[in-house]
Amino acid sequence: MSNVKHSAFKYDFLGSDPKAIQRSVSNHLVYTIGKDPYTATEHDWMMAFSHVVRDRLIERWMETQRSFYKHDTKRVYYLSMEFLIGRSLVNSLLNMDIHDASTEALHKLGIELENLRNLEHDAALGNGGLGRLAACFLDSMASLNIPGYGYGIRFEYGMFRQKIENGNQVELPENWLVHDNPWEFPRPEVSYRIRFGGRVMEYQDSTGRRHFDWIEGDVIIAQAYDTPIPGFKNDTVNNLRLWSAKAYEDFDLNQFNRGEYTEAVVGKTLSENISKVLYPNDSSTMNKLLRLKQQYFFVSASLKDILRRFFTDHDELRELPEKVAIQLNDTHPAIAIPEMMRLLMDKHQLEWQQAWETTTRIFSYTNHTLLPEALETWPLNIFERMLPRHLQLILEINRRFLLMLGHLYPDDMDILRRLSIVDESGERRIRMAHLAIIGSHKVNGVSALHSELLRNSTFKDFNCFYPGKIINITNGITPRRWLYQSNKRLAKLICEAIGPEWIGDLDLIKQLEPLADDATFQAEFSAIKQANKSHMADLIKYYLNKQVDPNTLFDVQVKRIHEYKRQLLNLFRAIALYNRLLDNPGSACVPRTILFGGKAAPGYTMAKLIIRLINDVADVIDNDPAVSDRLKIIFIPNYDVTTASDIIPAAELSQQISTAGMEASGTGNMKLALNGALTMGTMDGANVEMLENIGAENIFIFGLTTKDIARLDRQGYDPRYFYESDPILKRVIDMVANGFFSPEDPTRYRMITDSLLHTDHFKVLADFQAYLTISDQADLRYLNPTDWNRMAILNTARMGYFSSDRTINEYAEKVWHVEPVTR
């Protein structure tokens, strides 16, 4: 408001000592929650305390935003469909360095912080690695004082809450907002109209310039909700802005007055569906349309918001690339490129060339997949119906690009077909990855191998046309969340050994290396792992009512369920180990507990069947007294950030066994290794760089390489050869195919075995024998605790390179060209 006297505006800065925090908790319980200690529930205390923490975030948040304006700094905008930030309470306490003071304050009130922590819901804003990577990047940008903003969707129900019934995955709403979200700030004044459908009206002005107006159609309102993201002990607090869909008109009063109550709110319901669920099952046409609507909805609102912020202090659009960098996290937000062109040309009257140069200087694109089916494409007719102006712009971008390409390759029509944004084979489709590459000034892969395959295979032609555009920036993880917060026992031991500076600079953790041979440190490291395993066993008993022996080897594979991640390979190994115990009951073996966790996409039939098979095999083994004390399989339902924070510190063996050349990077491998789990993996994704950093003697690598797979495919891969020539593998597959694990439905898993025997696209059979061999080698090492503990300590000590701080510094230098801002 212009008439506010800023000089008269004062507010209290809140103390961070135990006494001040205690007073704040008491005040919020009364004045915010409306309760006193006699009537307050534990949840009331949690909400009151969350507001206390939020108050202290707000002070730093406002100071941070003011400093960005004061320095007129270039800002980074990270556009992502997912932000898997998990719980915020303890993370905020640790990053603001008020954890101990808060614990003391609550204790004096008779409240335990751990109890409050367990009441907080995980923010259901993502599914797997893509969303967790985005969350790690937000943490690192704030911790490095990079002026960064996240933009996404405020999903009301997340993806889904996974429940296992009769071995099957059942999807339930993830109602994470049921008790309100104390960390967000609704911004009803920050809202934008988002249009779908309609038509484009073209006309010429008096100078002969063509103009385009996108009119009519349906309009939905995008309303902002802000979540503060604190950096580590630096008083920087960045912002995550999420968009919620609101109806342009809440309901039809005339219909309501006629008694047509359901019909009166149909428009509101359809509008607000956009921000209900992450990745709706896209097996139906309506849900496919909804996914595209979701993508455009958050992208359009975000770009309008970015331009609004830019125009607060600037008038000239030619300055935009000097003040704005936009990172596209995969192809989901790629529609941002034609949307920026629309805004610059249709709303701000730029000519094509200036608009295009501005757009390409602003955008950069991170590719996260090599799988052709995962590279998004959309039918042209859907764009024509839903985003007609954007289709015009995409076709014009493509026309101009193909003209340039044609000049360079005048006699090569095939390269035009390969690189065109429009796939003309069959139903005409828009290739979003091609759009993102053409419209960005930098494109990056997320591991050395992945980027090499992008340049030399997937986007080889683009790499020739745009030499130097495709670069590598290997992914990383934040050590604050994944060691300092998740594994407090180990973090304390490391701090006692080398000091706490590693938390902000993970390269310093290499100072642990000399302690790998220290008997006392080994014993302490091992005792912590054992305590974490006991804690995990207690959780399994409490939540799943299953008994797990913490003295067994904890062998872990936790990640999204997908055929290329090869949970089947791990399961077949388990069946082979089961058979070995049946055949030789007295044989020496390493007792092991195999932990699986992960969700299957609702429409992914094969992945859901794999979950059922895992649970059926687990039941058979668990009910066989001959082996159940030496081999156990547990499927942990509803794998999320909090569950990962329990499992990862307890893991001893980390299964990273994707088909070589199919995992872009992986970050679960990094989290597990940082916490002292040894990796068993293929030469895929970031496993390759982990091998280089950790040392071949401290990791268990097996299986086909990308070159081996290419050679097999050229020769004509025959999975039945491996089935017929390996009696151990044949027995395993026959047991699955013939109903050993599903006697009530013997053919239940024929879909799996038929697929493996006829195509085996992900080379499960080809890698089985090598996998079983390396597993046996790992067991031999495990039988020597001194050797194993030394390897585990070196894994932790050599993970400095895989910090997301290093990753963000590389983006800042190579892509965004931004500088840290300190107050």
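Helix α12 (residues 336-347) and helix α13 (residues 352-362) have axes that come within 9 Å and cross at roughly 140 degrees. That angle makes α12 oblique to α13. The crossing of the two helices is right-handed. On the α12 side, the contact is made by Ile337, Met340, Met341, Leu344 and Met345. On the α13 side, Trp352, Ala355, Trp356, Thr358, Thr359 and Ile362 take part. The residues of this contact divide into 9 nonpolar, 2 polar and no charged. The model is predicted.

Next, the nonpolar cores. The largest holds 123 residues. Within this core, Trp243, Phe297, Ile326, Phe383 and Trp816 touch the most other members. Helix α10 (residues 285-313) gives the most to it, with 12 residues.

| Core | Residues in core | Members include |
|---|---|---|
| Largest nonpolar core | 123 residues | Trp243, Phe297, Ile326, Phe383, Trp816 |

What does phenylalanine 297 touch, not counting residues up to four places away in sequence? Its partners are Ile153, Ile194, Phe196, Ile220, Ile221, Ala222, Trp243, Ser244, Ala245 and Ile274.

Methionine 96 sits in the loop between α3 (89-95) and α4 (99-108). Is this residue buried or exposed? Methionine 96 has 8% relative accessibility, so it counts as buried. Leaving aside neighbours within four places in sequence, methionine 96 is in contact with Val53, Arg56, Leu57 and Arg60. Histidine 211 is 115 residues from methionine 96 along the chain, and their C-alpha atoms are separated by 51 Å.

Note on methods: Residues numbered from 1 in each chain as written. Predicted model: local features only at pLDDT ≥ 70, side-chain atom pairs only at ≥ 80, totals over all residues. Heavy atoms only, no water. Axes fitted to C-alpha atoms, helices over the stretch in contact; angles between N-to-C directions. Helix = DSSP H or I, 4+ residues; strand = E, 2+ residues; numbered from the N terminus. Parallel < 35°, antiparallel > 145°, perpendicular 65-115°, else oblique. Left-handed = near helix turned anticlockwise from the far one by under 90°. Contact = heavy atoms within 4.5 Å. Nonpolar A, V, L, I, M, F, W, Y, C, P; charged D, E, K, R; others polar. Buried < 20%, exposed > 50% of the residue type's maximum accessible area, 1.4 Å probe, protein only. Core = buried A, V, L, I, M, F, W, Y, C linked by side-chain atoms within 4.5 Å.
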